[in-house]
Amino acid sequence: MTVQETLAQLVAIDSVSSRSNVEIVDYLAERCTAAGFGIKRFPYADDNDVRKVNLIALKGTDFSDSLRVELALVGHTDTVPYDVRWAEALKLTEDDGKLYGRGACDTKAFIAAALTAAEIIAEDKLRKPLALIFTADEEIGLIGAKRLAEAGIIHPRFAIVGEPTSLRPMRAGKGYCLAEILIKGREAHSAYPALGTSAVFGGARLVNELERIAEQLKGHVHPAFDPSYTTLNVGLIRGGTAKNVIAGECRLTLEWRPIPGQEPGRVLELLSAAIEKEKQRNPEFVCEVDAARADEGFETALDSQLVTLLEELSGNSAGTVAFGTEAAQMTQLGAEAVVMGSGDIRVAHRTGEYVPIDQLQRLVEILTEATRRLCVE
Ligand SMILES: [Zn+2]
């Protein structure tokens, strides 16, 4: 089967994150088994009690408690939702050298290329073990990969994590963190301010402090990134109930993307200090912080064997990504990780996402050759 035919079959299986990914995992398991890989499913129920499965396929070793492999090719099975008006979202459509469909770019193209490479390699004699790791729920918070990392299921020496990078190896990525901040005031008639405490005024002062923290974060730079520092955003602010009511509540949604090497909790410490400062100024200031997400970034050394190999095979110099990827979880498992795949991240997640056919075919060659160099030679 050609890589393009494989991609068409993968796109035809609806695997939006809200649905179960059992169908696509069954498909992948069958293909891997036919190629001589041993497989194991790692199922779990998601927050809505929908069955999700991480799948690991192995060649050159068996499943064991301290599973070590030389190379892992990692792709997420889920996609973002698609607009119902996109009639051909699940039908891979070719036009002008491009293949269109939901997931065609992010990240079923990588999965199709990894499967194809694995089938080519299956004929070779592996000297070191190879794994294919197919995860669930990447698009909604790297949940499948986090479960694998927490359980310490597998320890790859090298990992290639499939995301659209236009075939450029990305050796580092920023983390992703979120916190919900609730400022509590006391409601009263706005004609009598002394009877209440405005949560909106309190929230506004905290927003000022967050802007100061954002400036402070610019002092810690990682030159491989653009922007080179941890960015911070207050994306949402909500408060109050009416024009003539002193606001009883104000909510802020805070997001930040830490550079690798910086603790995700660093911003929370700065935020706590700002809240303490406000409490000293105003003893009635009440504020709760719910740190909803704290994903670390990752970094693999520029002189890592995997980085230099993928630079050589792709002809592209290594770069960095500003979006969150499963490379962080692979790093936690001990891998030197690189993010790489066909297609452009700027067309991912939108109606009409596509992968250029020439890049898809190049990716098969790159993954096949990388696997040969690391696991066969
Ligand atoms: Zn993706």
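**Strand pairing and helix packing**

Threonine 231 is positioned opposite arginine 257 of strand E11 in the antiparallel pairing of E10 with E11. In this predicted model, the pairing of E10 with E11 (residues 249–257) extends over 8 bridges. Both strands belong to an open sheet of 4 strands, arranged in the order E10-E11-E9-E12 with antiparallel pairing. The edges of the sheet are formed by E10 (231–239) and E12 (286–295), each of which pairs on one side only. From one strand to the next, the twist averages 15°. In general, the strands of a sheet pair through backbone hydrogen bonds, in either a parallel or an antiparallel sense.

Two helices lie across this sheet. Helix H5 (residues 199–217) lies across E9 (176–184), E10, E11 and E12, and runs at about 10° to E11. Helix H6 (residues 266–281) likewise lies across E9, E10, E11 and E12, running at about 175° to E12.

A further packing arrangement involves helices H1 and H3. Helix H1 (residues 3–12) packs against helix H3 (residues 108–121) at an angle of about 130°, and the axes are 9 Å apart. H1 is therefore oblique to H3. The crossing of H1 past H3 is right-handed. On the H1 side, the contact comprises Val3, Thr6, Leu7, Leu10 and Val11, which meet Lys108, Ala109, Ile111, Ala112, Ala113, Leu115 and Thr116 of H3. By residue class, the contact of H1 with H3 consists of 9 nonpolar, 2 polar and 1 charged residues.

Notes:
Residues numbered from 1 in each chain as written. Predicted model: local features only at pLDDT ≥ 70, side-chain atom pairs only at ≥ 80, totals over all residues. Heavy atoms only, no water. Axes fitted to C-alpha atoms, helices over the stretch in contact; angles between N-to-C directions. Parallel < 35°, antiparallel > 145°, perpendicular 65-115°, else oblique. Left-handed = near helix turned anticlockwise from the far one by under 90°. Contact = heavy atoms within 4.5 Å. Nonpolar A, V, L, I, M, F, W, Y, C, P; charged D, E, K, R; others polar. Pairing = 2+ DSSP bridges.
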